[in-house]
Amino acid sequence: MGTTACTVCRPKDAHCPVECHGLKVECPLPNLFDPTSQRLEFLSQVKLFQRLPQDQHQLLASACEDVYFQDGEVIMKQGDDGHEFFVIKEGEAEVLISEKKMAVLKAGQYFGENALLRDEPRTASIKAVGRLKALRISRTKFVEMGLREKLDFPQRKAVGGQHHQVVVKAPTPKTESERQLISNALKKNQNLQSVVDLDMSRIKAICDIAWREEVPKGTKVITEGDDNADYFYIVQSGSFVVKLAAQSMEGKPNAATPASLIGPGESFGELALLYFAPRAATVQASDDASVWIIDRGNFKKIMAKSSDEKETEYLKYLEKVDMLSPLKRDEKMALAKCLTEVSFNKGEVIMKQGEPGDAFYLLVDGSVDFIKEGENKPGTRYQGFQDKAKPFGEQALLNNKPRACTVRVASQTARALMVDKQSFDMLLGPLEELKKRGKSGKSKLQEERQSTTIDSSRFGKIKRKDLKVLGLLGCGGFGAVELVEHQGTKETYALKALSKGFIVKSGMQNSVMSEKKVQLMCDSPFIVKVFETFNGPEDLCFLLELALGGELYATYNKKGFFGKVGHAKFYAAGVVVAFDHLHSKKIVFRDLKPENLLLNEHGHVKLTDMGLAKVTLGKTFTTCGTPDYFAPELIASSGHTLSVDWWTLGILTYELMCGFPPFEADQPMETYKKVKRGIGQVAFPPKCRGAAEDLIKKLCKADPSQRLAMKSGGVANIKEHEWYKDFEWQAFESLKMEVPYQPQVKSKTDFANFSARDADRPPQVKYKDDGSCWDKDFATSD
Ligand code: ADE
């Protein structure tokens, strides 16, 4: 038997316990080597490796090596790029953030797992305490052995789409000191304070609606994982113990965080006020207690109230516009809700003489000049005020006649309220008809109007019985997506099934019907197409265009594409075109993330999953989406418009360039705090500086009306941005541009780029028809 290098040694050998100094000697301490089985046991605890198929674990174990560190040795340094991952086998290590000790890691715990996937600055330093023995694996080895390609990447879950019946009790009368306690508790709740605007009038309104309940010792008020997460609690008396969910995070222990205590004047459960999501912790009364309770629905109404007040103000402006005099009061109110705020800078042209008019404006701040081109005269200047808005461009609501003059911003900035003709027509029908109808006819709001025409002759051709299931493409809480083949044509599709039992259980009837409507309205090469919808006894199904190249999220992780500029431009461009299409139909998407982008066999990108998409004229109020991608106005619950989508494009661009989203945190509330602080506080790694940084910052403006595509010029502002210099948009949109990555797809039935497992299928929820016929218009075929 020949001698081998001491595998205990690291390349620079300094800490080899036998001091072999890298010499090719047989290790005198063979008992220090772990048999593979022991390694497997350690590795099986690591979350990342649980995504690796079982048959790859042996290979993984062989890719690891034993390493030793002396007392005080820095194993990884905060801020350095990471290339290695470690599992502690013996000994302890300190986690230091900015030199401050945050935690101690023990045997079985691990750190640096993200380093196996991407270059990412270490978020903490790790220092050995005493002698430490660990297993180490480097990214190079991990990739070389094909392990990264084998990993399975579960999707980040969207939140907030669900609705269910919530018990709301009558407010309990309160003494002055109780009101004080509630008010102080709200002010003291850092999470709440840092994500929503709680002024005095809102605090008072919250005090008004709170009701009181007695909680006997031992009662679990909140249970981790519980779907009934609808209330926020303020402790009047007694105390509660909070047990946070187990966490696994870079540089922090993956054990449960120690319990903490909540006493009188303190509060908990604030995430439930923002949106519906299962509870992340358990809260139990540690003695007899009394609490004040606030439900999400009422909280949301209070948060939206300032928006109601604004709309009443807008209504007053509309009352003064002559051309709108044929509108009834309810129609004007609906129009007021539809107005969106737009903002301009000095010199910007709001309307150009000769161009077709497509929008009506109310100037509420700043001044503009009305200029007759060709006339050698200075324009007439108008000033807009919050309480005396100046209307202009109203002819556009009647016809598309060319604008009679140019309107240019004269002040440093100007703000206006705007409605475009298309939204106006979708809401009330053409103004000509309203004029003909006069004041006496029926309100247009009471008429059922189809907002878009859908060519129904396209549908009804493919029958479900003719589809044969060939494989599983994906799974979610709702059901599964399967690869199916039509027995007659041999054409293949993706069949997405939603369990009706699950839909009813989670109150998603309306959102599924909206998903169908939206899906049918879409017609873009950058959006997954729908071919049919079926209504079965247990499920509703969408027959969708197949994209066999895989999910962008999994592809980026497996191939290590993060930071590649050409890739990021190409995929983000697909989103620009998809959003342009959706927004032209007044559809807000609300759930952009790499998980919702698919590649087809040619490498072209397609937006998928209309589960949270919605036709929206003006503002909408449901907080939903994926926390890392939430825009600030979604978190503030103040109402949002199509502009949330442009925010998410900024987040996606950052993530594709950096490998992680800009506001990433261990807990959603921490993410929301970062969002509130703004993109200006986010570090941009070198690979994301320059034009990319500028574009991201212009998309992630806190003020929705300031986001690049919301400003005059619209989507062209993105297409003409410096980052897209030399990008051939025409070639891209006609699918002629060379793709940055050609996925391997051998045939129309090759689903090797997907790794869903049968074990991931959600448990069946039996459907019981309640006779409400909520699903009667779902199917296009049988
Ligand atoms: N088309 C729609 N959803 C799909 C999926 N999950 N996989 C492949 N193609 C799809």
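In what order do the four strands of the open sheet lie?

## A four-stranded sheet

The order is S8-S13-S10-S11, with antiparallel pairing. Strands here are DSSP runs of E with at least two residues, numbered from the N terminus, and helices are runs of H or I with at least four. Two strands pair if DSSP finds at least two bridges between them. Strand S8 (220-222) and strand S11 (260-262) are the edge strands, each pairing on one side only.

Within the sheet, strand S10 (residues 240-244) and strand S13 (residues 281-285) are joined by five bridges in the antiparallel sense. Val241 has Gln284 of S13 as its bridge partner.

## Basis of the model

The model is predicted: local features need pLDDT of at least 70, side-chain atom pairs count only at pLDDT 80 or more, and totals for chains, interfaces and linings use all residues. Residues are numbered from 1 along each chain as its sequence is written, and side-chain values use heavy atoms, leaving out hydrogens and water.

## Cysteines

With a disulfide taken as a pair of cysteine sulfur atoms within 2.5 Å, the count is zero. Cys658 is in no disulfide, and the nearest cysteine sulfur, that of Cys688, lies 3.8 Å away. Cys658 is buried (under 20% relative accessible area; exposed is over 50%, partly exposed in between; 1.4 Å probe, protein chains only), at 1% relative accessibility.

Cys773 is also in no disulfide; the nearest cysteine sulfur, that of Cys541, is 19 Å away. Cys773 is partly exposed, with a relative accessible area of 42%.
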